[in-house]
Amino acid sequence: MPLVPPPQGEDEPATPGTDSAVTQRLLELSGDERPEEATTLIARQMGLTTVGPLSPFTDLEVLSLSHNLLTSLAGCDLSRLVSLNVSFNRIASLGPLSSCQRLTHLFASNNQIACLAPLVSCPLLVAVSLYRNELTSLDNALSSLSRLANLAELDLGSNPCSAGQEEYVRHRTLHKLRRLSVLDGDTVTPFDHELVAGDEPSLAAPRASRLFRDPFLDSNPILMQYLAEAEASRAHACGSASAEPSGEATPHSDTKGVSSVLTLRRPMVERLRLTAATMEAASQAGTDAAQLASQPMFTSGDDAPDKSAETHRVRSLLLSVQQLTLERDEARAGRSRAVAEAAAAATELEMLKREHQQLRSLLDQAPAITILSTSPTEPG
């Protein structure tokens with residue numbers, strides 16, 4: 001029969017009779033005769049404020065308590081659980097789950113959870129959903145989750161630790177949890193793994209021989225070629241302008257030179273040039289490396305997540321350019337093959353035309369051959 005949620009908003013503690021009545025209703029939902037025989041229980045939207053009525057259900061493996069008024073999971077034995085759904089409640093602590101050694105799936109979105117340390121005691125966890133909770137420290141959350149060797153699906157979206165820096169959080173999470181196949185509802189692709197390849201940014205002082213903290217950017221041939229061409233064009237433009245006598249320089253020629261330089265300079269190139277000049281000046285002046293390392297160009301991802309997000313986007317663009325370059329080269333190779341095949345077909349056609357002309361000449365020179373054909377006799 002349909003279950004009517006109990007009245008909400010009453011602050012009086014539940015009496016044993018009330019717990020017994022709720023337990024009976026839960027038993028009816030399970031479809032079993034006795035609570036200890038039930039292995040699956042779906043108790044959504046029942047207005048539950050405590051898990052006390054679940055204490056007789058000692059063998060539960062699948063339990064759904066979503067859309068209730070729970071503030072804690074303490075009060076019953078959940079050690080046999082394999083799948084638990086407590087989304088849309090008011091739970092602030094996952095402490096009671098430390099005894100759930102068999103738990104593989106946990107759905108706890110839309111709660112008030114701020115600490116994931118208890119999940120370390122659940123080594124079999126495969127899927128964890130913590131969407132819209134109170135996680136404020138990404139490092140603490142990833143530190144706990146990284147100890148779950150089987151974790152493949154994770155949702156940390158809409159937590160305070162990811163507000164306004166979703167790309168950075170995704171980058172850090174995938175870098176820390178390399179086994180993930182689904183993150184925040186999106187499938188993790190090989191391209192995502194390419195983006196987070198390499199070491200995590202650290203606070204170590206930068207080396208003057210590198211332009212970027214990221215080895216991928218520092219050795220990318222497309223980016224290096226672009227920077228080299230831009231710098232060569234800038235030097236050529238400046239050299240052409242300086243070659244003119246200073247007394248004969250015209251406003252038109254000077255404007256043209258400046259325009260060409262500004263056209264060739266991209267913001268990133270200009271930033272690199274300024275950074276290189278700063279490094280060179282600091283080297284000549286004997287500036288301490290620690291002071292130089294404090295500049296925005298060399299700050300770590302922990303202190304400047306927006307810079308890591310920029311690096312993430314640059315890496316994405318460069319990988320896209322590389323992929324497009326490969327596709328362009330393949331298309332050019334296919335076009336070259338098609339041109340070669342067309343040329344071979346034209347040559348073969350020309351040879352066939354010549355053979356046809358030679359055959360006609362031979363037929364014209366040969367003696368006429370009369371072919372006699374007998375017509376069928378008519379019936380007499």
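Which residues of α2 are buried? Select α2 and colour L138, A141, L142, S144 and L145: these are the buried ones. Buried here means under 20% relative accessible area, with exposed being over 50% and partly exposed in between (1.4 Å probe, protein chains only). Helices (H or I, at least four residues) and strands (E, at least two) are DSSP runs, numbered from the N terminus.

Before going on, some ground rules. You're looking at a predicted model, where local features need pLDDT of at least 70 and side-chain atom pairs count only at pLDDT 80 or more, while totals for chains, interfaces and linings use all residues. Residues are numbered from 1 along each chain as its sequence is written, and side-chain values use heavy atoms, with hydrogens and water left out.

**Stop 1: helix α2**

Keep those buried residues of α2 coloured and turn the view to look down the helix axis. Now show what lies over them: the cover includes β6 (153-155) and α3. Then move to the start of α2 and pick S137, where a side-chain oxygen reaches to within 3.2 Å of the backbone nitrogen of N140.

**Stop 2: from α2 across to α3**

Select R172 and D139 and show their side chains. They meet in a salt bridge, at 2.6 Å from N to O. R172 sits in helix α3 (residues 166-176) and D139 in helix α2 (residues 138-145), so this pair ties together parts that are 33 residues apart in sequence. How accessible is each end? R172 counts as buried, at 10% relative accessibility, whereas D139 is partly exposed at 45%.

A salt bridge, by the rule used here, is a side-chain nitrogen of Lys or Arg within 4 Å of a carboxyl oxygen of Asp or Glu. That rule gives a count of 6 salt bridges, so there are others to visit.

**Stop 3: R328 and D329**

Jump to R328, which forms a salt bridge with D329; their closest N and O atoms are 3.2 Å apart. R328 is partly exposed, with a relative accessible area of 40%, and D329 is partly exposed too, at 35%.

**Stop 4**

Zoom in on R34 and E37: their closest N and O atoms are 2.9 Å apart. R34 is partly exposed, at 46% relative accessible area, and E37 is partly exposed at 36%.

Methods. Contact means heavy atoms within 4.5 Å. A polar contact is a pair of N or O atoms within 3.5 Å; within protein, one must be able to donate a hydrogen and the other to accept it, and residues adjacent in sequence count only if both atoms are side-chain atoms.
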